[in-house]
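Please consider the model shown here.

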Amino acid sequence: MEFRHRNYRAEEEAHALPRSRAVTHPLSSQSSPLHKVDVVDDEKIDFYDPLRGPSADAIDVEDLQNDASTTGLSSADAIQVQAKEWTSFKRLLMQRFSSSKMVSIATTSDVIVKSGKAYQKSSSMHLQELDDPQKFAEEGVKVITWQEYVSRLHELKDEISRAWRAEDRVTSLKLSIKVARLLMDTSVLQFYPTLFVLATDVMDMLGDMVWERIKRKAEFAEDGTPICSLSESFEASDICFDAKETCNNWFCKIGSIRELLPRIYLELAMLSCCRFLHDQPINNLNRLVMMTRGVADPLASSYCRLYMVHCAQKLPTCDRGYLISCINDIKILLMRMISEKEATHGNSSANKRLLVSLMEPTIEYIMKCIFKDASQRQVGDILVKLGLGRNESELFGKFPFVSIILHHLLKELPTEVVSSNATEILHLIESCNDYSFDQCLNYRLLGFRLGERGSQMDMINAIIDKVIQVVAQFNCLDEYLKVVDAYVDIVLQNQMDNYLDAILEGVSKRACNKEIDESELGSLQSIFSKLLAHFNNLEDIFALNHFVEILDVMYGSSRNIINMHILNIATRNGYIHDPATIQLLLEISQSLHDGIDLFNMKDNDNQQPARLISRFVQMVDYGIEMEHHLTFLVECRGAFSNIEELKETLVHSCNCLAIKAMKEAKKHISFVKSCIAFSEVTIPSISACHKQLNLYLETAEVALVCGLVSHSDGLIDSALRCLQTLDLMDGFQILIDVDGILSLIRKLCSLLVMVPGNPEQGATFIPKSILSLVSSQSWITPKMRARILCAIISLSATLSQNKLPYHVDNIEILGNDLLFFGDSTYLQDLVSLSEFVLKELCNVIQQEPSQAARGSMALEACNCIASSFKVSPEISPICSKLMETAQLCLSSNNKYLQSTMKLLGERLPSFPAAPSIIIR
């Protein structure tokens with residue numbers, strides 16, 4: 001048996017593709033013009049392609065938008081959209097105000113009190129859960145659970161519906177009046193929004209049923225004969241006498257209700273029915289606005305106006321006058337509440353604040369309706385009517401206003417109005433400092449609104465200067481942060497460095513001497529995120545005054561998020577060279593590492609911080625100060641011992657450092673040994689054996705390139721021991737990649753081509769160790785074993801050559817072609833090893849249970865043998881047997897079988913089975 005002689009350079013030239021010099025670079029901008037497709041324009045297509053260049057026929061996008069806005073929705077569609085918005089609003093309203101577990105009711109509310117549903121006051125009840133425990137001192141007061149109250153209202157709704165279907169309209173109306181009377185009771189403040197939602201559902205149902213009844217009377221006679229078909233825009237003159245009489249009858253019944261609030265609610269529920277009597281139902285609406293002023297309770301009055309707005313939107317046409325009147329009336333109520341002394345009604349400040357918070361949704365909803373689809377001219381007129389100016393040219397003057405109304409006004413104003421009147425709005429905010437709404441939130445909202453659109457620099461300077469003066473008076477960190485957070489973007493975009501320094505100084509002054517709560521952390525996170533998004537250079541961020549000391553007082557998830565932002569910036573702009581920056585980033589990484597859940601390291605939320613820390617370590621470069629770099633890696637190994645990914649990064653970085661030191665000068669050989677020692681100590685701490693194997697091979701190659709042959713041999717021995725302890729279930733009980741292990745063993749065989757043979761152990765010691773390993777490990781499949789045996793055959797054939805295909809890039813390390821040149825014992829050892837491997841290979845192939853896999857394995861082995869050995873009586877029978885196996889297992893049309901046949905015909909002309917292989 002004799003190895004085939006190989007001339008690797010000649011083979012490379014023979015298989016290389018022909019080359020020709022290119023005139024231009026294929027990726028350069030100058031390229032051959034593309035073939036243009038001629039489009040036949042049979043007819044004019046009125047279509048604007050946004051990807052084409054501008055032309056004379058291009059459509060103006062602004063015109064399209066104007067056309068779309070003027071088109072609008074039909075009356076029915078608009079009502080449907082409004083209904084969806086109202087449903088969503090009611091759901092959010094109930095979620096926002098969770099009610100008490102118990103609700104107090106008067107015995108006069110017989111519609112709610114039923115047998116077994118209400119309970120007399122007793123000492124065993126949890127009176128502390130009630131909104132106003134003193135209420136129970138009054139005689140005749142009972143309590144009912146919140147769930148029972150809601151359930152009873154649903155039952156009432158069903159009773160009203162059943163009575164209506166039974167044509168008992170009187171009962172339906174009486175029960176509806178009783179439901180409306182419930183809205184007079186505001187004793188349990190927190191429950192009132194829920195009561196409003198449930199009661200107005202009943203009102204809406206009754207109003208819809210009355211509308212359908214009257215409409216049917218207008219369209220059909222008593223006997224069912226059609227009279228007319230009413231369009232969406234019908235007029236009162238289209239309605240027959242009987243339908244009008246029925247409509248008048250309903251309004252007369254409602255008008256006889258003695259209590260004001262129930263009468264208003266029921267008339268609002270049937271507001272759309274006014275269209276059957278009058279062409280201008282807006283007159284009735286204005287009358288109801290005036291009537292609502294007679295409701296003394298602020299909470300009941302506000303929610304009554306809210307229901308009024310909801311009902312008015314069902315009318316086909318309606319101006320904004322009644323909406324403005326509603327807001328002005330609520331403003332008067334709030335100003336009266338604010339000016340009252342606490343002793344007037346004995347209400348505490350907390351109760352007043354609760355009352356205002358319960359009224360806030362009504363203000364918010366009405367304000368949205370006021371400015372919905374309002375033009376620029378209409379906005380000016382609205383502001384004047386709201387009392388914010390004498391005329392449209394003098395808006396936002398020194399007029400009394402309420403903070404909470406100002407907040408929602410500012411939220412709904414068009415951006416251009418806010419930008420053009422920012423200074424006046426700022427002065428208005430300054431003058432509105434009542435308990436109805438935190439003044440700092442109005443300053444904050446103004447900042448966000450100004451950030452929506454660029455403004456003149458002079459005006460921005462004046463605004464920021466005034467805001468900085470205002471917040472400088474704040475002692476509360478939370479208020480300070482909420483305001484400055486809204487203006488940070490404006491300061492950064494306009495490069496107002498002096499104001500940025502003032503903001504950070506103010507934050508530092510208030511934050512560094514106290515414990516920060518969650519809301520303050522959220523604001524700090526927002527501010528720091530904006531700073532990090534603005535600056536591209538990490539050194540510029542760290543150079544900001546007080547940045548680092550403010551960062552140190554942060555903690556928890558907010559601190560982790562900012563730390564990840566910083567590391568992301570640090571690692572995206574290339575290598576990090578500055579020692580001070582590296583040290584600061586190391587401290588940030590340690591803080592981030594401390595916040596990682598070590599028990600859930602596989603979770604995606606924890607993998608991102610680990611990747612960022614590993615990326616930071618990878619991007620550190622101390623330049624010629626390589627000892628400092630190695631010290632840094634040692635420090636990282638101790639600080640981040642729980643991050644598996646980082647350990648791999650440390651080994652990779654240390655190996656690169658060793659190669660860098662080797663290229664510098666020979667005097668660094670001791671440093672290189674330190675690097676190799678670092679890797680040798682670090683690799684065993686990695687839990688996954690297959691990752692250890694890869695790193696051992698990488699470090700062995702580095703040691704070999706650096707001339708440390710003994711270190712390389714030791715690392716290869718460690719790799720073999722790692723293979724011996726390898727199990728299919730590795731690391732965190734995850735199935736390892738078998739193909740990846742096979743690739744690493746092949747990589748080891750490739751590395752052995754460069755490793756000088758050990759004269760004491762013999763040149764084939766390591767290949768024999770691999771062979772022993774293959775035979776002893778039960779997890780190695782026959783297919784994998786066969787490929788490893790083929791790799792050993794290829795390795796033996798390569799080592800037998802007079803000139804190896806590649807050598808170590810170190811002139812002091814001699815290859816085996818020089819060490820054992822002309823040594824017949826060396827060649828005989830390789831031949832003996834190959835003979836044994838060939839026998840094992842043939843046996844392993846026959847052990848493969850899959851027929852198709854067995855045929856492919858036979859072809860792979862046959863190709864390997866034909867490439868490695870010369871024609872001989874020993875080789876021909878082996879190839880013949882393998883080809884027979886392939887012939888039995890594979891189709892004669894198999895391309896791999898045919899190509900292998902062709903190769904054998906070229907390499908082994910005396911191969912006896914060659915002529916018969918193509919015949920099955």
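**Terms and the values behind them**

Q: Where is Gly387 found?
A: Gly387 is found in the loop between helix H13 (376–385) and strand S3 (389–391). Helices (H or I, at least four residues) and strands (E, at least two) are DSSP runs, numbered from the N terminus.

Q: What kind of model is this, and which rules apply?
A: This is a predicted model, in which local features need pLDDT of at least 70 and side-chain atom pairs count only at pLDDT 80 or more, while totals for chains, interfaces and linings use all residues. Residues are numbered from 1 along each chain as its sequence is written, and side-chain values use heavy atoms, with hydrogens and water left out.

Q: Why is Gly387 called partly exposed?
A: Buried means under 20% relative accessible area, exposed means over 50%, and partly exposed lies in between (1.4 Å probe, protein chains only). Gly387 has a relative accessibility of 27%, so it counts as partly exposed.

Q: How many helices and strands does the protein have, and what percentage of its residues count as buried?
A: The protein has 39 helices and 6 strands. Of its 920 residues, 48% count as buried.

Q: What makes Ala236 a buried residue?
A: Ala236 has a relative accessibility of 6% and therefore counts as buried. Ala236 lies in the loop between helix H6 (192–219) and helix H7 (241–255). Cys274 is 38 residues away along the chain, with a C-alpha separation of 8.9 Å from Ala236.

Q: Which residues are in contact with Ala236, leaving aside its neighbours within four places in sequence?
A: Contact means heavy atoms within 4.5 Å. Ala236 is in contact with Lys244, Arg275, Phe276, Leu277, His278 and Asp279, leaving aside its neighbours within four places in sequence.

Q: Why does Ser523 count as buried?
A: The relative accessible area of Ser523 is 8%, so this residue is buried. Ser523 lies in helix H21 (residues 518–534). Leu481, Lys482 and Asp485 are the residues it touches, not counting residues up to four places away in sequence.

Q: How do you know that Glu167 and Gln495 are exposed?
A: Glu167 has a relative accessible area of 61% and is therefore exposed; the value for Gln495 is 65%, so Gln495 is exposed. Glu167 is found in the loop between helix H4 (146–165) and helix H5 (169–182). Its phi is near 60°, a positive value in a residue other than glycine. Gln495 is found in the loop between helix H19 (477–493) and helix H20 (497–511), and its phi, near 55°, is a positive value in a residue other than glycine.

Q: Why are H8 and H10 called roughly parallel?
A: Axes are lines fitted to C-alpha atoms, for helices over the stretch in contact, and angles run from 0 to 180 degrees between N-to-C directions. Angles under 35 degrees count as roughly parallel, over 145 as roughly antiparallel, 65 to 115 as roughly perpendicular and the rest as oblique. Helix H8 (residues 260–269) and helix H10 (residues 298–312) pack at about 15°, with axes 9 Å apart. H8 and H10 are therefore roughly parallel.

Q: Which residues of H8 and H10 meet, and how are they classed?
A: Leu261, Ile264, Tyr265, Leu268 and Ala269 in H8 meet Ala300, Tyr303, Cys304, Tyr307, Met308 and Cys311 in H10. By class, this contact has 11 nonpolar, no polar and no charged residues. Ala, Val, Leu, Ile, Met, Phe, Trp, Tyr, Cys and Pro count as nonpolar, Asp, Glu, Lys and Arg as charged, and the others, Gly among them, as polar.

Q: What makes H27 and H28 roughly antiparallel?
A: The axes of helix H27 (residues 626–639) and helix H28 (residues 644–664) come within 11 Å and cross at roughly 165°. H27 and H28 are therefore roughly antiparallel to each other. By class, their contact has 9 nonpolar, 2 polar and 3 charged residues.

Q: How many disulfides are counted, and by which rule?
A: A disulfide is a pair of cysteine sulfur atoms within 2.5 Å, and by this rule the count comes to 0. Cys326 is in no disulfide, as the nearest cysteine sulfur, that of Cys304, is 8.7 Å away. Cys326, at 0% relative accessibility, counts as buried. Cys790 is in no disulfide, and the nearest cysteine sulfur, that of Cys864, is 4.4 Å away. Cys790, at 11% relative accessibility, counts as buried.
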